[in-house]
Amino acid sequence: MPKVKSPNKPLATVNVFPQSDGSIDVEACFMPDPDLLAGEGSSRAVLALDASRSIKAAYGDSGPFGGGSPNYVQAVARKIGEILSDTTKDGKVSMMYWAMGLGEETEVIGSFDAAGCQKANISGPKRNWGKGTKLLPVIKSIVDNDFAQADWVMGVIITDGIIEDEQDCISYCLQLGEGLKQQVEAGQRRKHSLKLVLIGIGEEVDVGQLERFDDMFEETALASDIDLWSSGVAADMQDEDDILGVVFGELMSEEVIVADNGRVLDDKGTEVSSFSDGLPGKFRFKLPAGAKGFKVSTAKGEVAQDISEALAGG
């Protein structure tokens, strides 16, 4: 699936699907608007990076004489961090390592704005690399240190292994969900005030387990009220665009309306799609054969996007 590598803001992802008749299906996703997510309240974003021994190689190795393997984790963290910083009102994202020690320790990396993310040193934990992968400590850290202080929180958690404390996580999250429902009903919280995204990387990930986290509330009384988890899988740390697609595909869906109306024009100025009942955060449309780009126009403004590089790469 060809992708636009660096979409023009406020677009977060743009995927193109060339068709046999020459036309092009396009799926685009906007970056989340902090005001849309948090309303008048405060917002925070957290990026938690797996620091277990099994993922150590993905942090790179400069070697004694230079060179060595690339630091894929740093590249991904910088890119995700930069975009996550744009989802918060203070323009910052907190980063941390998790799954350290016996799999249950965490370590704060720091808080970064967009420019800081581009320079952040993500080389692995200062203390011991982990011998296990326990998720509950990082969930509690996000809830206790961030969600307790903000009206909306997004936590993105990257892992390359099997979560060892799945049942403990489920028990805790069900209690958390009950509390959230009560707060929503009392008008103290917005319905989607906490979102956790679990991203599995590599061949050792238990896809079924990720899906169980995603569907955690489906068979409970909270099914229609709480959607705490989302999950996705990327082949490896080199698939940065796939990782971003998981994160922002979950944040901005067809149900989230970002403008009262909008329309999409091809690169010749011809309207190809119209959204009179509201432009969603994630949307699809079709471009005619030969088109090299498009423009999204709303009352709030417009953004033009060239897709020729993605088409050539595909």
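This is a predicted model: local features need pLDDT of at least 70, side-chain atom pairs count only at pLDDT 80 or more; totals for chains, interfaces and linings use all residues.
**View 1. A salt bridge between Glu 27 and Arg 284.** The side chains of these two residues, Glu 27 and Arg 284, meet with an N to O distance of 3.5 Å. Glu 27 belongs to strand E2 (residues 24-30) and Arg 284 to strand E13 (residues 282-287); the pair links distant parts of the chain, 257 residues apart. Glu 27 is buried, its relative accessible area being 17%, whereas Arg 284 is partly exposed at 44% relative accessibility.

**View 2. A salt bridge between Asp 146 and Arg 44.** The N to O distance between the side chains of Asp 146 and Arg 44 is 3.5 Å. Asp 146 is situated in the loop between helix H4 (136-145) and strand E6 (152-159), while Arg 44 is part of strand E3 (residues 43-50); 102 residues separate these distant parts of the chain. With 9% relative accessibility, Asp 146 counts as buried; Arg 44, at 31%, counts as partly exposed.

**View 3. A salt bridge between Glu 166 and Arg 212.** The closest N and O atoms of Glu 166 and Arg 212 are 2.7 Å apart. Because Glu 166 lies in helix H5 (residues 166-185) and Arg 212 in helix H6 (residues 207-214), the pair ties together parts that are 46 residues apart in sequence. Glu 166 counts as buried at 10% relative accessibility, and Arg 212 is partly exposed, with a relative accessible area of 42%.

**View 4. A network of Glu 105, Glu 107 and Arg 127.** In the whole structure, a search finds twelve salt bridges.

Key. Residues are numbered from 1 along each chain as its sequence is written. Side-chain values use heavy atoms; hydrogens and water are left out. A salt bridge is a side-chain nitrogen of Lys or Arg within 4 Å of a carboxyl oxygen of Asp or Glu. Helices (H or I, at least four residues) and strands (E, at least two) are DSSP runs, numbered from the N terminus. Buried means under 20% relative accessible area, exposed over 50%, partly exposed in between (1.4 Å probe, protein chains only).
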